[in-house]
Structures are given as structure tokens and as C-alpha cells.
Amino acid sequence: MTVKLVHAADLHLDSPLRGLARYPGAPLDRMRGATRRALENLVALCIDEDAKLLVLAGDLYDGEWKDYSTGLFFASQMTRLREADVQVVWIRGNHDAQSQITRHLRLPDNVRELACEHAETQLYEDLGIAVHGRGFATRAVTENLAQSYPERRAGLLNIGLLHTSVTGRPGHEPYAPCTLDGLRSKGYDYWALGHVHAREELSDDPWVVFPGNLQGRHAKETGEKGATLVTYDERGIRSVVHKPLDVVRYAQLPVDLSGARDFDDALEVVRVQLTRAARDAEGRTLAVRLVLFGASSPHTALRGSPQHFAENVRAVAVDVGGDDLWVEKIVWQTEPSLEQALLRQGEGALAELTSALDALREDESALQELAAEELSDLAKKLPAEVREGDDGVQLDDAKYLATQLAEVEALLLDRLLSRRSGDTGSEGA
Amino acid sequence: MKLVRLDLRAFGPFTDTVLDFATERPAVHVIYGANEAGKSSALRAIHDLFYGIPETTADGHVHQLKELRIAALVRDARDRELHVVRRKGRKDTLLDVAGVALPGAEASWLTAGVAEPHFRSFFGLSYASLEHDAKQLLSGAGDLGESLFGVGIGGRGIHDVLTGLASEADAIFRPRGQVQKLNEALALLENARRAEREASVDAKAFQLQVTHIAEAEARERALREHGSTLRAERVRLERVDRILPLLAKRAERLRARATLGDVRLLPQDAAARRASAEATRLEEAARLEQLEQAIARLEADRSGLNIPEQLVAVPPAIIERLRDGIGVHTRARAQLSTARERLARAREALKASARGLPSELLARAESRLDDELTRGIREHALLRSALLRDVEKGARETLAKRAELAVLEAQQAQLSASYERRGGPAALPLLARLSIPARESVEVFLERVATHERELAANEQALRALALEQERITRELDVFARVAALPSEDALTALRAARRAAWGQLRALQSDAKRWQAAFSGAGTGPALLAEIEALTERADELADRLRRELERVAAHERLLAERASCERSLSQLQKTRGELELRQRQTDEAWRALWADSGVEPRTPREMRGFVDEHVSRRGRVERLQTELSVLDAELGRQRSALAAWQDTWAQLLSRVGLGADASASDADVRLLALQEHQQQQLTAYGAERALAELERELNEFEAEATTLAKTHLTVAERTSPEASASLLVARHQRARDNLVRRAAIEQELAQRNGERDAARARGDAAEKQLQELQFAAGVTDLDALRLAEEASAQARKLDTELEALREDLLRAAGGADLAELEREASAASADRVSARLAEIDTELAAQDEQISAAANARGGARAGLDIMRERGAADAAGDHAAQLAVVRGWSERYVHLKLAAAVLRREITRYRDRHKGPIMSAASALFARLTLGAFHAVEADYDGGDEPVLVCVRGDGVGDAATRVKLEGLSSGTRDQLYLALRLASLHELARAQELMPLILDDALVHFDDERARAALSVLGDTADVTQVLFFTHHARLVELAREALPAERLVVHELRSARARARTVA
């Protein structure tokens, strides 16, 4: 008999999509409730595939998220599964450990939570499955939980349910550490892991899988997001397939502007790339981070007025993508063209200005001193949430300030050199 | 960087236009061109030479874009020269003379490391930019730093840039602002954060809400239960209230029924049935008597009818025909003589119309006219004149065309003679297809010859350049030769070889003790050998030392030798190329002659022969066209003549069919057609009259035969007087017999009906009698009066029974399921007054209860709605809004950071630049300003009057030191301000020249607003600037050329004139 089960983790229900500043025509409605719709997709997957069991490896909600309606929504989806005769087993992750919702919410009787104090086993004998697991009792669990997991049950498909960073993953707290060999030593057939948001198959004998989160929530969670569909029969696991379930997808779109000769040219290049991205989005909404690169003639003019260019790019996105595209951010990695680069090599006022900027870039204390003089008023007004995080405006961080100098240089050169009628040598009399 | 020569090969209006800027001493180059002479194009050409031709250029209107070429010979400060060619394109647009792309390093060298925007702003100066930039000095109130920095980048309005950055930053954020974009965004962020917090509902609040709902529901439930009890009691009391009157009525009816005693119940309709039977019995007896009388009358009528059966058997159609025939027969007999007369008249008219027509035509059956023949003859009569007209016109046009061809041939004869006289091709047989080359072939040769000439010229030019280069190298090598000989690697190698040889000899001696002793005793060679080794070692060391010391000279010498070798290689390559070019030129010449070989014409140059070919081709084209037209006309004329002949054939055939010869005219034919039509008409009339007479006679005969036959059978001999009389009698008698027949049938039908009615009346009377007897039996009586009394008693008893049954049903219905005994018990305990009072109490209680239930339901609904709101994802949306607003705040914050840092960095750099350069620039500018203002001012100074930052002031030439008047910038006239700006620009140029190679200074009519005196002074200053960098002064004012000639010595000025769009520039002084 062939049976299917679905493995998902890190739902982070109702966690907002970050970094999406609104602009006219942006597909606002498509962004709302994205994590809920992703969960609906997960439930629909279980029902459509006739899966008998859903295993959830922790982090159903953000830890600090208190809104109880989120829990009620989760419960309503679990009820849908009960009506379709799908069993659910889950463990608490680090976020769930501190979640008020988890503490108060009552779930329908098809949902079984495994204990946090000790590892335990949930048997589904009609399905031929034993699920072993242990949840997080507190937010920061630093012991190796996997060690305490019970021995495999003979004659059943053994699944280990664990919220862990294994040996550590960038951007994730090193909770419940363990090793791949340690997991293998348990003799289970499938390790259903959670906590790491990028999908990863650590091993296929036995299967050790991070399914990734259900829905990307910011620019670092790019690409397909979803769950893992596992098919097994008497001979063991027959297939392990990733199923995309996200409704909004974060993507980085590199655009080479080295061929662009002017503003319109650059916009046209962007238009072509956005059109292609919208076409490939398969009906999902893309939150696109445009990374512009290449040595180009209009570099100074574009970077000197980035907002003007951004407004045009967004208008193009609305035009070509409609509800399928949201321009999340434009990241400038363009370089000046060869001739513009000459400005730094020569002599005279401009060369001295660019040299001064180069020197400032290297001098952290001078840079911090300048920022303290010029930006202290702003620093006092900016709340911590604006200043912190990867995209934070870190006014006291020299590295952050140094990266802003490229924009400063482009802005200055644009203002000082913008073409004016009466210039001899090109306009003429 | 200097332009030695600018060759506008294909650019704007120019083709192969050369501007030669080579001079022995630095000089000002004035490029003069009237309007439309291409001055602006020449200006753009210089820019595009250095920095590339833009994608959209205004200079591709004469030459195709891909063919645009600007060539130049350029020289740097170290006299390194390079021939370059700029083409239009996206990549590899800088080429060497051979058309090979130059590497990027050469492009950088060409622009001396000066970026394009910097070149445009700093090395270019037009009257518009001079005036604009001079005004910008004012916007910063003469701030020294801003002024110097602004001039240093080519006069941007630094103050405006600073102000712009500051105001843009201010529009984004102010510490206490509210309407600025970032301030607004921060306020919205706070709102979004608060909204998220408020929208979030925690578990406890939710549970509390659930409890509220449960409580409200319980309260509502209790109230509803109490209400139900009250309503049940109310129902019971209302029932009692309803049944009390019904019970009273029932008791009264029961009593009445008991007084009637034992009654035999008859059917309900017994009285009606008895009355009906009595009436029927009487009615049917009367009806029977009437029917007997009617039947006797009908039988008497039937026996009185007479019907002759044989006549009645004659079919009605025959009698009908006979009746119709009587009228027709009378009318036909009257018409017979008239028809005979009409026939005689028609035969006479036919005979008359045949007169004048040929008898054989009348005899021929086909001579009958039909529409086709008539139309054919009439159409052909019309066609003839049109055909004749066409033939005449065609003949006339053919003659005219032949005359034109004759004229052309005569002209050709004259032309041949003319060519012969001019020594051209002797004869041009125009109409024979003279085989001369196609125009395209001639064009190909034209292009090829031009290419040869251009390549030879380029080769010549390159050869000349190489010769000059060779001379230079030889000159420099001569210098090396004249000073002491240079140490060389070869000489050092030779010395070391000699030393090794001597050392070898010494080692050989050492290995042989005897020879050693011999060599070092007495006059042996040993000491000399040692001395030689020492001398060689010293010389080698000395040479090595010199090699090291004079490394640069040696290297220079080596480079010169290498350059000479390279030069010779290039020379040989160019000479080889020249040989190849000349060979190709000869081959082209031979091919040219071969092209003409078949024509028998001795060709001159392709350019001359192109005219000849054009004229020949044009003339031949005209003749061919005329011949074609003539043949078309001939063919048309032939066709028209054939059409005329065909017409004549058809005409003859048509006329023969109406008995006319081919020579008959159209009017003859028309007369004949009319006569024939008349004859045919008469024939038709005679035929019609004959047919009418025959029809009349047939009708008369048929009628008489039929009437006679019938009369023989049905009439007596005496009655048969004539066919008409017999017919009339037969018809009348037949009609009578038929009428009687119909009447008999009607009587028989009525008799049958009356007999049926009599039988039915008899049966109904019997039935009524039987019914009366049955009713008497049922009531137990024997006569009708007793029966009527029994009927009344039965009806009263039946009515009371019915009422009692209805009352019983009403009571049961009012009881709602209870039985009658229970109802009577319930009613016996109640009184109507008590029941009404309790009902009023219950109504009041229920009304109060409804209000309480409504309040409880509202409370429950409100609590449930609150729960629904909590269930919705308001908090998630608020968190999304919060995240979005955070992104907005970050965006504006970064923009603010960029603007603030940009302004600060620029301010610092302005101060730094001022402090670093003000000394030399102010000193140079003072001297230049004094010259430009003809001594009206003698210096430019920094002044701290009124503030911490130094500002520019101009010192008048009216005194010395502090005694002189100081004028701030706003006190200067606009002209003087322009001159101050020019002084500062030139001083900055001098300052920059100390640090790097400069690009040419290009002025575009920059002095048009200077008066003559100051313009002369400015041109003199530019003369000195030419020592610093090349000065190219473009103008289309002849007056400025004159002023330049007055201001500058002849050897310091070169005037180039752009004469017209296509003329080559001419150096005139």
C-alpha cells in the first residue's frame, strides 16, 4: 500500500512581508495574508494528494506575535484536515516556546503535539508510522535533543521530528545542535527538520530534510518556498518531492546596464528584464529586488537621482507586471564608465573632490565624525526599528556610512557636471 | 594635447576638409566661418574626435552615419604624435591610419586623462557659458572658495548646488518639522506601530469574549424558557374562554331533539322528489296528445306529392348545360353575320400590304421578320460611321508618329557628326544596339578610380610624415654621434672575451711549471700577460660602470635606433603599398579599356564617359519608346480595318434576309423593315378573324344536337317545336321534379322525429308514477297528503342532528386534542371573568419578557461580533502596513543621509581647494584681470569684510595699496564681471597646467560682448595662453578676426576660414 505524508515547518503565520514600501499601483492586496494563503495551499496539498499525515517541525507563529486570531485561523485549517481524515503531529520550535498563542489555543483532535520535557513517540499503526520527537520548552535550547530520541520501532516507518540548526546555518540561531552522523545513528527512515528557512536535503540515506519555510517574508528568503511530499510503501520511502506553496516570492533580479547609453536606454533594459520575470512568475506575485550592475555611461545621472529612476522603474513594473510584480528595492552596483573613471585620475577641482571622497571612505573615524556633525538630528529621531537589522539605517556604523559614499559621489558629480546649454565642444554656437 | 591637423573627411557638411594647425611657435588659431559655413559642425567635430560621435548626432545629414570619419594628427607635450581616425559606432571607434582599432590606452592618451564632462565644462567657453558662469559668481556673494572651486570645474553654480542640496534635505527632514517627507513618514510609522498593537488581540481577551458570549446565551435561554411556560398557560385560558358559549348552545339543542320523539327519517330530497314526480306526470300526458295530431298531418302531405322518376334520373350537369346553351345559342346566331364580314375585310387588307414586296420574299418562310433581325440591321447601320471614324483617326496618328521618328533619326545623324568632329566615337548607329557599358559599370570604375586617388594621396601623406620622422631620428642620432661614443653591450662583451682569452693563457701556463717559470723569468711574456689582464679588467669595469651610469642615454640611443629601424620598415611597407596601388591603378585602367572594347569607342575618363553613356542611353530609350508606340499604332489600325471589313460581310448577310442587295443604304433597309412589319401585322389580323368565325359555328351545332336528343325521350311530339323551346320545357320540368323530391325527404324526416318524441313522453309519465308509489312506501303511508306530513317531521329531526354534530366538532377543534369530557370538566371549574383577568396579566408579563430577551440577544450578538472582529486578520494587515511604512522611512532616511553628506563633503572640499590654490590663482588672475580691463583694475583680492569667510573683491587702478578703491562683485558691470571670470578661468588653467597635460582651450565666440578695446586685450591674453595650451578660437564675426590681427603679431596668429559647406578650409594668414 502506498501512503503519502507531508512535511512542513516554519509557517510563521501572519508574519508580515518586510521591505515593501508602497507605491502607486503596487499590488497591495496580493501581499496581504500571504502566509495564511500559503497555509491554505499546504492544507489543499494534503487533501489533493490524499496524504494521511502532516508533520510540522515547529515555529507555527512568530514568538512575539500575540494576535489570537492567527491561532484560530490555524485551528480552522486543522479542522479542514480533520474533515479530510488527515492526522497532524507537531513539535514546538523556538518561536512557539515563547508564543502566547501556543499556550492557549485548543486544536481539534486530529492534531497531536509531542512533549517538550522528554522525547516521545506517536504511533499511527494503521499508517505503519512511528513519529518520534520533542519540542522546545524554552526559546533557547542548546542541548542536543536528538540524543534523547527513542530507538526505532521495528516494522514501521520511523520519522524523527526535530527543530534544529544541525551543525549551524548562517542567519539562524544554533539551537538544538546535532550532527548528521548523530541523526543517522538513530536508524530512522526520515528526519523531518525545521528551523532553517532555506530548503535543504542533508542526506538521502536516511532522508534528512529541511523543507524551508512556507512563504518567504523578506529579501533574504528568496526563491521557491513550500513543503515536502513523502511517498512510502512496505519497501520504504519511494519519493521525496518539494512542492512550492508560496503565494508571493522574493527574487533578486540582476540587470546589466553596461550597454545602456542613457536614462531611457537603462529603463528599457530594466523593462525587458521585468517583463521576463513577470512572465516566469507562474501567476505568483514577485517581490523583486533589482540589482543593477555594469559600467555604464548614465551611471552618474542615474545614481544622482535614484528616486526619479526608481519611480520610473516602478511605473514600468506596474505596466508590464500588473499584480504580479512589486519592486521591493533597487540596489545599485553600477560603476562609472571608463571616461567617468578618468575623473579620479586627473588633476583639478573634480579630481581633488573624488580623491577626498576616497580618503574619507578609508578613514572610519573621520567618517563617523562627519556623520555625527551632519546626522545627529536624524539619529535622535529615528526609532530603533529603523536603525536595526540588515536594511537598517546604521548612522553610527562606519561601514554602513562608507557604502553610502558611492551614492554621495554620484549625487555630487551629477549636480556639478549636469549638461547645460552653451557648453562649447558639443552644443556649439 | 595639441591638434596638429584636423581632417574632416566625412562629417557634417564637410568632405575631406583639412584644418592645418601646425605652426613653429605656439599661436592662436582663429577659425572663422560665416553663418552656414559649418562652424558649429567643426566645433562638434573636435569634441567628437576626442570623445566619440554621439549615438544621435546632428552631423549625419550629408554622409551616412556609418561613414562619418574625423581624422587628426595630435601631439602631446612630450612631442609624441599619433594619427587617429574616429568613426561612428558603439565599439572600437578610434582607429589608426590603417583603419585598425587603437587600444584603450591610446584613447586615454588622446584625451590626456581628461574626462568628457570635464573637457566640456573646463576647456570649452562660449559667450553664453561665459556670461552664465560669470553671473554664478554673484549667487555665492563672491565667496572665494565657491568662486575658485566653481571656476575650477568650469563655472558651475557651486552656490546653487549647495543651496539645492540643502533645500532638498530640508524638504525631507527637519528636527522639529511635521510636513517634511521623512517627518511625515515617521509619524505614519508611529501610527502604524500603534495600529498594529491595537489590532492585536491576545488569547486572554479572546477567552474573555468567549465567556461573555456564553453568559449572554445562558441568560437569554432562561428568559425564553419562562416565556414558553407563560405562553402555554395563555393558550389554555384562551381555549376555556372560547368553549364556554359552545357548551351552552349544545345543551339547548339536545333538549329540542328529545321533544321530537321517534321519527322515521326520509331522504333529505324526499319532498322535492315527490313534487317533481307529480308535475311530470301531468306535463307528459298533455304533450302526448299534441304529438299524435302532428303525425297525422305529415302523412297526408306526403301522399299528395307528384315526381316523374325518369326525368329526375337525368344528370343535373346535362340539364345545367342545356339551360346555359339557350342564352348562348341566341347570342351566337346574332353574331354570325358580323364575323363573316370582319373576315372578308381582313383578307382585303392583307392583299394590299403585299403589294410592293418581292413575291419570292413573300413565298420564303425565313423572310419572316424577327426581333433579332430587326435589331441586327438597325445596330449595324449605326456601327458603320463609328468604324469609319476610328480607321481615319488611327491612320492620322500613325503618320504623326512616323514623322517624329524621322526627326529623331535626323538629330542622331547631326549628333554623330558632332561627336566625330569632337574626336569622340566616330559613328553612333543609334538603332543598331550599340554595345556600350552599363551606367552602373561606369559608376563602379568612377568609385574605383576615386578610391585609388584617395589611397595614393593617403600613402603620399604617410610617406611624407615618415620622411619627417626619419629626418628627426637622423638628427637626434647625429647628436649622439657628435658627442662621445656611447658604451655598448657589444663592446663590453668583446672586452670580456679578450680578458677571458688572456686569463685562459695564464691558466694554461699555470698548469705547466716549466712554462710558468719561463714566462715569469727574464723577458718572459708573463708580466705582460698579467698587465694585459689587469688593463682589460679595468676597461671592462669602466665600460660596465658607464653602461650603468649612461643607461638613459644608451636607452635613448637604442630607442632611436629601434625607431629608425621601425621607420625604415614602415617606409619600405609604404613604398611596397605604393607599388601595389599603382599596379592596381594600371589594372583598373586596362579593365576600363576592356569594358569599352566591344563598343568600338575609345573611352576617355570614367567621369567624361558617364555623360556620354547617359546621353546615349537616354536617346536610345526615346527611339525605342517611339518604335514601340508605332508598332502599337500599326497593330491598332490593322485591327480597325479588319473590323470594318467584318461589318460589311455581316451587313450583306442581314440585307439578303430582307430581300435587299449588299449595296442598299441604311434608309432602304429601314423602309423595307417597315413594309415587312405592316404585312406581318395584316397576316395576323386575317388569321384572327378566321378563328373567331369557326368557333361561333361550332358552338351552334353542339347545342342543337343535345336539345333534340333529350326532347325525343322526355317530350311529346307536340311539345317538340324547336331546339330552343324543347330545351326551355325540359329545363322547367326537371326543376319542378327536383323540388318535389326534396320536399318529400323533409316530411319523412319530421315524421320520424315526431314518432320518437311520442314514445319518450309516454316513458317519462310512467316513471313519475312509479316514483310517487316508492315514496309513499318509504314513509309508510298510502296517499299523497300523509306523505307530505311525514316529510315535515323528518326535516326537523335532521336539522337538529346536524347542528349538534357541528357543535361537537367546534368543541373538539377548540380543545386542541383534549376530549369532550375533559373540556366539560375544565369549563365547569372556570368563570369567564376570572379567565379574562388572568389573560391580561399574562400579556403584560410576556411584553416585559420580550424586552428582556431582546436585550440579552443584543448582548450576545455584540459579543459574537466582537469575536468575529478578533478572528479577522486585522492585526496581520496592520503588521504588513507597519513593515511597509518602515521601508518608506528607511528610503527617505537614506536619501537624507546622501544629501547631507554630499553637502558637507562639498563644503569641506571647497575650503580645502581654496586654501591650496588661492595663492597662485589669485596672483595670476590679478595680472590677467589688469590686462583684460586695460588697467581699470589692477588686482583681485580676498577680503574678510563683514564675515568669517573670505570674499572676492576687485581693486581699482585708481590708487596704490589701501588707497585704491575696492569693488565687490555686485558693484561690477556685467562686462567687467565677464572679464573677471575669464581672468579666473585662465588663471585656473595656468594652475592646472602645472600638474597635468591640458586639452586644447576651445572658445566659441566668447568675446562677442566685449568692446573692441577689451576684445583686443583678451585676444592678446589668449596669445600668451597659447604657450600653456593650444587655443582654438571659433567665430563668425569678421570684426573679431580683424581685432585678432591687430592684437597679435603675425607669427602668433593663424586664421582659418571655413568658406562654405563643401569648400576646403583655406589658411589665409
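1. The largest cavity in this predicted model holds about 200 Å³ of space. Of the 17 residues that line the largest cavity, those closest to its centre are A:Leu17, A:Met31, A:Arg32, A:Gly33 and B:Gly880. The count of cavities of 30 Å³ or more comes to five.

2. Three helices each supply at least two residues of the lining of the largest cavity: α1 (28–31) and α2 (34–48) of chain A, and α25 (874–932) of chain B. The largest share, four residues, comes from α25(B).

3. On the surface, a nonpolar patch is formed by B:Trp516, B:Phe520 and B:Leu530, which together have about 240 Å² of accessible area. Of these residues, B:Trp516 is found in helix α16 of chain B, residues 513–519. Because its relative accessible area is 32%, B:Trp516 is classed as partly exposed, a class that lies between the limits of 20% for buried and 50% for exposed.

4. Helix α5 of chain B, residues 144–152, is mostly covered, with nine of its nine residues buried. Among them are the glycines B:Gly145, B:Gly150 and B:Gly152, and the buried residues of α5(B) also include B:Glu146, B:Ser147 and B:Phe149.

Methods. Residues are numbered from 1 along each chain as its sequence is written. Chains are lettered from A and ligands numbered from 1 in the order in which they are written. This is a predicted model: local features need pLDDT of at least 70, side-chain atom pairs count only at pLDDT 80 or more; totals for chains, interfaces and linings use all residues. Side-chain values use heavy atoms; hydrogens and water are left out. On a 1 Å grid over the protein atoms alone, a cavity is a set of points where a 1.4 Å probe fits but cannot get out, and a pocket is an open set with protein on both sides within 12 Å along at least five of seven lines; lining residues have an atom within 4 Å of a point. Grid points are joined across faces, edges and corners, and a volume is the space filled by probe spheres set on the points. Patches are made of residues with over 30% relative accessible area and no salt bridge: like charges are joined within 9 Å, nonpolar side chains (Val, Leu, Ile, Met, Phe, Trp, Tyr) within 5 Å. Accessible areas come from the Shrake-Rupley method with a 1.4 Å probe; for residues, only the protein chains shown count as cover. A salt bridge is a side-chain nitrogen of Lys or Arg within 4 Å of a carboxyl oxygen of Asp or Glu. Buried means under 20% relative accessible area, exposed over 50%, partly exposed in between (1.4 Å probe, protein chains only).
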